[in-house]
Amino acid sequence: MSAKKTSIGGQALLEGIMMRGPKVTAMAVRNPEGEIILEEHPTRGTERAKFFKLPIIRGVFNMVDSLAAGYKYLMRSAEISGVDAEEEKRKAENPKWYDAPIVDKLLMPIATVLAVVLAVVLFFWLPMQLFTWLSAAVPALDGHYLLRAVFEGVLRILIFIGYVWATSLMKDIRRTYQYHGAEHKTIFCYEAGLPLTVENVRVQRRFHPRCGTSFLILVLLVSIVVSMFIRIDNVPLRMFVKLLTLPLIIGIGYELIKLAGRKDNLLTRIISAPGIALQHLTVFEPDDSMIECAIAAMKKVIPDDGSDTW
């Protein structure tokens, strides 16, 4: 088999892997008995109108599809892997007040709203407000939109890196990051044209230019450039305008990550460098059982007609 570039991507789940091909999306998750449970479904978004597949525009819709599918498979992996069963057992043995069905139903939407509010505060309001306070103390900074954009952008990146680093210290999350490594290595093995075996996958690199981590850091970097053109000091209004630019920022980030996955040259290596560096916190070496899951999912999504290759 010859080397190639593929559009197939994936996501680490709880005790498993999801692979997303051009026609089929598959998940392979180990149940409590150690067996690999495979499930597959048609890939979302393939029948979308041509307008929604145009450059920049397609990035937003592909991200929505990826988030929706990722959440669906993550919840399903919790059922298969026994995480949900363990939680139910804990509730039965040591029930808490918040385990009541009515409370549980109320807490989920409240937690979702609080998470969104926290994200807006940390990534939008806080950087803007800090620069506003700083410019009030240092009048020379007032109206300096280039410095403002860089300050806000760098602070967002630092907050994001801090969050990623903190989660990587958690045992369960670290194990998920190992599955992340299995996903990358399996894709690299397939792109190298090698048979999908544990031995071949094990020796592959674990940092991939099309990683979701790389996409997020690219979005944050692109937002700095876009922010340079927003000449507004009022924090609420600036927040509103920046939220309006999110689809554009996401679309540009998507095109950059797609380019990095297709080509290997100086430009794409520069584009990939920040994400590759950050992957040291989100992509860990997997064990052979994790690689087996990734291979099982990968085999299900490779199309016979080669429509996944660039």
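In which helix is valine 113 found? In this predicted model, valine 113 belongs to helix α3, which covers residues 101-137. Valine 113 has a relative accessibility of 51% and therefore counts as exposed, the cut-off being over 50%. Together with Val117, Val121, Trp125 and Trp133, Val113 forms a nonpolar patch on the surface. The accessible area of these residues together is about 460 Å².

Methionine 128 is also a residue of helix α3. In contrast to the exposed valine 113, methionine 128 is buried, its relative accessible area being 0%. Between methionine 128 and leucine 147 there are 12 Å in space, C-alpha to C-alpha, at a separation of 19 residues in sequence. When neighbours within four places in sequence are left aside, the contacts of methionine 128 are Arg148, Glu152, Arg156, Val235, Arg238, Met239 and Lys242.

Glutamate 152 and arginine 156 lie four residues apart in helix α4 (residues 145-168), about one turn of the helix. Their side chains form a salt bridge with an N to O distance of 3.7 Å. Arginine 156 counts as buried at 4% relative accessibility, and glutamate 152 is buried at 0%. Glutamate 152 forms a further salt bridge with arginine 238, in which the closest N and O atoms are 3.2 Å apart. Because glutamate 152 lies in helix α4 and arginine 238 in helix α8 (residues 235-244), this pair ties together parts that are 86 residues apart in sequence. Arginine 238, like glutamate 152, is buried. Through shared partners, salt bridges join Arg148, Glu152, Arg156, Asp233, Arg238 and Lys242 into one network.

The structure holds 17 salt bridges. One of them links glutamate 255 and arginine 58, with 2.7 Å between the closest N and O atoms. Glutamate 255 is in helix α9 and arginine 58 in helix α1, so the pair ties together parts separated by 197 residues in sequence. Both glutamate 255 and arginine 58 are buried.

Helices α1 (residues 57-81) and α9 (residues 246-262) pack with their axes 7 Å apart and at an angle of about 90°. Helix α1 is therefore roughly perpendicular to helix α9. On the α1 side, the contact is made by Arg58, Gly59, Val60, Asn62 and Met63. On the α9 side, Pro247, Ile250, Gly251, Tyr254, Glu255 and Lys258 take part.

Terms used:
Residues are numbered from 1 along each chain as its sequence is written. This is a predicted model: local features need pLDDT of at least 70, side-chain atom pairs count only at pLDDT 80 or more; totals for chains, interfaces and linings use all residues. Side-chain values use heavy atoms; hydrogens and water are left out. Patches are made of residues with over 30% relative accessible area and no salt bridge: like charges are joined within 9 Å, nonpolar side chains (Val, Leu, Ile, Met, Phe, Trp, Tyr) within 5 Å. Accessible areas come from the Shrake-Rupley method with a 1.4 Å probe; for residues, only the protein chains shown count as cover. A salt bridge is a side-chain nitrogen of Lys or Arg within 4 Å of a carboxyl oxygen of Asp or Glu. Helices (H or I, at least four residues) and strands (E, at least two) are DSSP runs, numbered from the N terminus. Buried means under 20% relative accessible area, exposed over 50%, partly exposed in between (1.4 Å probe, protein chains only). Axes are lines fitted to C-alpha atoms, for helices over the stretch in contact, and angles run from 0 to 180 degrees between N-to-C directions. Angles under 35 degrees count as roughly parallel, over 145 as roughly antiparallel, 65 to 115 as roughly perpendicular and the rest as oblique. Contact means heavy atoms within 4.5 Å.
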